[in-house]
Number of protein chains: 2
Amino acid sequence: MTEFIPPGTRYIDLPSPFPMRRGGALHGARMAFETWGTLNAARDNAILIVTGLSPDAHAAANEANPAAGWWEAMVGPGKAIDTDRWHVICVNSLGSCKGSTGPASVDPATGQPYRLGFPELSVEDGANAAAHVVRALGIHRLACVIGNSMGGMTALALLAMHPGIARSHINISGAARALPFSIAIRSLQREAIRLDPNWNGGDYTEERYPESGMRMARKLGVITYRSALEWDGRFGRVRLDSDRADDEPFGLEFEVESYLEGHARRFVRRFDPNSYLYLSRSMDWFDMGDFCPGGCGRGEGPSSDDDARAALACIKLEKALAIGVHTDILFPLQQQEEIAEGLRAGGTDARFLPLPSPQGHDAFLVDFERFSPAVGGFLADI
Amino acid sequence: MTEFIPPGTRYIDLPSPFPMRRGGALHGARMAFETWGTLNAARDNAILIVTGLSPDAHAAANEANPAAGWWEAMVGPGKAIDTDRWHVICVNSLGSCKGSTGPASVDPATGQPYRLGFPELSVEDGANAAAHVVRALGIHRLACVIGNSMGGMTALALLAMHPGIARSHINISGAARALPFSIAIRSLQREAIRLDPNWNGGDYTEERYPESGMRMARKLGVITYRSALEWDGRFGRVRLDSDRADDEPFGLEFEVESYLEGHARRFVRRFDPNSYLYLSRSMDWFDMGDFCPGGCGRGEGPSSDDDARAALACIKLEKALAIGVHTDILFPLQQQEEIAEGLRAGGTDARFLPLPSPQGHDAFLVDFERFSPAVGGFLADI
């Protein structure tokens, strides 16, 4: 696995051992992060960004790495997340393969990569690791924590487990709990990887790599990250030129198929398959209802919407904003509405902002015309 | 491949050669069909049902086969498609593996199964084959042609290519053209089968069978046939009992995963993988715009919405009904609206009926409370 850790990535060691929520502990683990802007003397202008499943910590260009980052249009001087005002921190998720410790990292106990020996990973572990980075950087209280997609879950876990760690919160296309449609999609993505003979129970090599499984998982991801509406306008029924079409039986023929193929090719060798499995499953497990304050009495059974709402109401913030888009099929709009309502029930000045972006779940990565004023406007007011 | 052709299936030979629209011809091909009710003396009470990708011709119990069929709740005495009044015919699609000739059938030229030697299959070939069955049964004009899902495409092709073959039409969760989201889903399903090493370029055996690929294809199908809304209520976050959960790493844990697994198990060995590939691709290719009357001038380029609408307007019917459901992500509601509008533009008394079924694309197979009165009410008036 070529890990493609961005140059200029910085690291903070986690406490060793670092206990994991579902059992076990990590030894000698670390978190990869990057920063932008300057921490002020009061140390009260810091913003933490927690990401979706695949991004690294390089959200935008900085001195250590002038290459454009994955949220370049949003993070920088004068941009929505204005680095002239804010000290911005972005962490690579625990369990990822972009610098933070994950299944592809070496287990100090064996001298070999963890692979499936990595402890069970929960969103809460990622939140605890991010909290450690914040503290280690000398920040007592964040001005804001911003979480996108899976990061929306991480941010809620962070706020639930570390009361007072942030004054405000922006939840973008996140969810307070995984629902069965998204669980089904992720389960199928994981099955595609597990069914690839080269996955080999997690024991693959560069030469025998589960490329087919990763390709399927990524294509299915991209299908659910975008929207039918966007694709109708973008691809319609346009076919590939004869020199780009595929001669294989049942090979590529339409532009939309070539688009998926391009996404898959750019991804498969750049992300560790075991990391993918661990992070994907952590989202299925996530349920704010697990933080339901006493009295829910649900024992071992599944939590209800009410449990999640009660847990959200325990989070104390000055202000919050939950943004979603109408065309998101993976983290549908009512999930962001639920977040805003739950936070509001606890006294937070929380707003729900549904956006008419046609790009689906991934709109926050492309529809800056709508996301810049939404995020920038909120931050201007805190 | 165990084909599971229902007992009591009847057959009609196709003309030999039977020319295929995209080139080549079938020799000695046949169509599987079943009937219910009695053809009247005027031969004007016949209804043809054309199906989605996977069903056989056994839509309901009949004398030849008392087992319940796939549309048992809709077809029978006193039911929405009332066999006391109507002579109902259901055909297994050309290219399928449930009795009609398809890639698993023996090619008389070689004495071996066609496999990928089967000619390229289009929805229009299926429509021509269905038209032959109608004629061979001595029916000049159908009272109605009913098409579900892929069958909605087949029905439109039939009406476009065989003017006057039906007085009326019910299009259920169909489409006048494939759009990129559904093309992407189907492309991924085909890729799952093609990537399975056991697919082996179409040359698999019972022992070395592309079970993993078929399992993935079917699960992805089921995910897109239902809806997130239905699953929220049906499965929520309910987990499997410990004795039903899967001990494999990253194995099944939630009810929704077990539901998909059950669907996959019931399907994989009962449908020919090459048939699946051929029928799936035929849907991607389908575009009513191909029947656009002179003057479109689009040459080799992709057709536009206008082309499809113009072609629909050339279909002359007394009455038509296009039914769709709000939660269908595969054949979204605007596609059934387009069908009704196009037919209406040609002078047909065509109605668009959006139903609030929560079950998504497959609602017509389960939501009889809504579909029975919709279909029954239409047929009572023709």
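I looked up Asp362(A) in this predicted model: Asp362(A) sits in the loop that runs between β14 (349-355) and α10 (368-380) of chain A. Helices (H or I, at least four residues) and strands (E, at least two) are DSSP runs, numbered from the N terminus.

Next I checked burial. Asp362(A) counts as buried, at 14% relative accessibility. For the notebook, buried is under 20% relative accessible area, exposed is over 50%, and partly exposed is in between (1.4 Å probe, protein chains only).

Then contacts, meaning heavy atoms within 4.5 Å. Leaving out residues up to four places away in sequence, Asp362(A) touches Tyr225(A) and Arg226(A).

On to Arg218(A), which I found in helix α4 (residues 211-225) of chain A. Arg218(A) is buried, with a relative accessible area of 14%. With residues up to four places away in sequence not counted, Arg218(A) touches Ser54(A), Tyr225(A), His263(A), Ala264(A) and Phe267(A).

Housekeeping: residues are numbered from 1 along each chain as its sequence is written, and chains are lettered from A and ligands numbered from 1 in the order in which they are written. Local features need pLDDT of at least 70, side-chain atom pairs count only at pLDDT 80 or more, totals for chains, interfaces and linings use all residues, and side-chain values use heavy atoms, with hydrogens and water left out.
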